[in-house]
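Student: Hi, could we go through this one together? I'd like to talk about its open spaces and its helix packing.

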Amino acid sequence: MDATNLQIFSEFLGTLILVLLGDGVVAAVSLNKSKAQGAGWVAITLGWGAAVTIAVYVSGFMGPAHLNPAVTLGLAIAGDFSWNLVVPFFIAQVLGGIVGAILVWITYLPHFEATKDEAAILGTFATGPAIRNYTSNVVTEAIGTFVLVFGLLAFGQNTFADGFNPVVVGILILSLGLSLGGPTGYAINPARDLGPRIAHQILPIKNKGGSDWGYSWVPIVGPLVGGALAAAVWMMIPL
């Protein structure tokens with residue numbers, strides 16, 4: 001496997017691990033008869049922060065470990081990533097999200113079968129708003145992703161102890177979830193939402209309802225806009 005294909009594979013694998021562990025904690029908290037059922041929002045945000053850290057460690061030695069189309073787009077706009085790899089990275093990230101979500105379903109299969117709440121089942125796969133207001137929801141996702149991408153660009157200007165960077169990124173995700181995740185569930189990553197939503201659509205999940213495709217554009221457009229704006233602001237800073 002050449003270096004380019006290894007980077008693309010790393011995005012697939014990293015996003016798979018990200019969704020497996022991230023959606024996994026949502027399943028643990030939300031599905032019936034799970035030992036972690038009812039553990040709450042703090043457990044979910046901690047789980048997602050840890051999921052990002054582990055996913056970056058797993059994939060970062062093979063590639064840049066974006067694991068997020070909004071990050072890929074932002075870094076390309078900022079001049080830190082090749083435009084030639086943007087679309088291949090997008091595809092690999094979404095495919096990784098699909099496979100990761102399927103593995104969550106397999107892991108929690110008896111608990112999915114024991115759960116009748118359609119919203120809880122869908123929420124294990126994809127995000128949804130606490131209050132459905134598309135304008136507000138897009139703005140929320142854009143703000144959260146702006147902080148994410150701007151933070152990642154800023155981290156690149158700092159020197160961390162060897163191997164510590166993924167931990168700092170995980171803390172950033174934890175902070176975003178605790179502070180900005182309440183309105184929309186903080187997708188801040190089109191692949192993290194679209195991939196699992198596709199899995200929800202195609203899997204034979206007992207008691208599932210619709211995949212809420214009417215909302216699905218929000219966690220795609222909002223993060224991409226936020227990532228692009230973060231890169232644009234970053235480029236105004238004299239370095």
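Predicted model: local features only at pLDDT ≥ 70, side-chain atom pairs only at ≥ 80, totals over all residues.

Student: Good. What volume does the largest pocket have?

Tutor: About 500 Å³. Of its 26 lining residues, Val56, Ala65, His66, Leu152 and Val169 are the closest to the centre. On a 1 Å grid over the protein atoms alone, a pocket is an open set of points with protein on both sides within 12 Å along at least five of seven lines; a cavity is a set where a 1.4 Å probe fits but cannot get out; lining residues have an atom within 4 Å of a point. Points are joined across faces, edges and corners, and a volume is the space filled by probe spheres set on them.

Student: Which helix gives the most to that lining?

Tutor: α8, with four residues. Helices here are DSSP runs (H or I, at least four residues), numbered from the N terminus. At least two lining residues each come from α2 (41-60), α3 (69-77), α7 (134-155) and α8 (165-180).

Student: How does the lining of the largest pocket divide by class?

Tutor: Into 19 nonpolar, six polar and one charged. Ala, Val, Leu, Ile, Met, Phe, Trp, Tyr, Cys and Pro count as nonpolar, Asp, Glu, Lys and Arg as charged, and the others, Gly among them, as polar.

Student: Now the cavities. How many of 30 Å³ or more turn up?

Tutor: One, in a search of the whole structure. The largest cavity has a volume of about 40 Å³, and its lining includes Thr140, Glu141, Leu176 and Tyr186. α7 provides the largest share of that lining, three residues.

Student: Switching topic: at what angle do α3 and α4 pack?

Tutor: About 165°, with the axes of α3 and α4 (residues 86-107) 9 Å apart. Axes are lines fitted to C-alpha atoms over the stretch in contact, and angles run from 0 to 180 degrees between N-to-C directions. The pair is therefore roughly antiparallel, a label for angles over 145 degrees.

Student: And which residues meet?

Tutor: Pro69, Thr72, Leu73 and Ala76 in α3 meet Val86, Phe89, Phe90 and Gln93 in α4, where contact means heavy atoms within 4.5 Å. By class, that contact has six nonpolar, two polar and no charged residues.

Technical notes
Residues numbered from 1 in each chain as written. Heavy atoms only, no water. Parallel < 35°, antiparallel > 145°, perpendicular 65-115°, else oblique.
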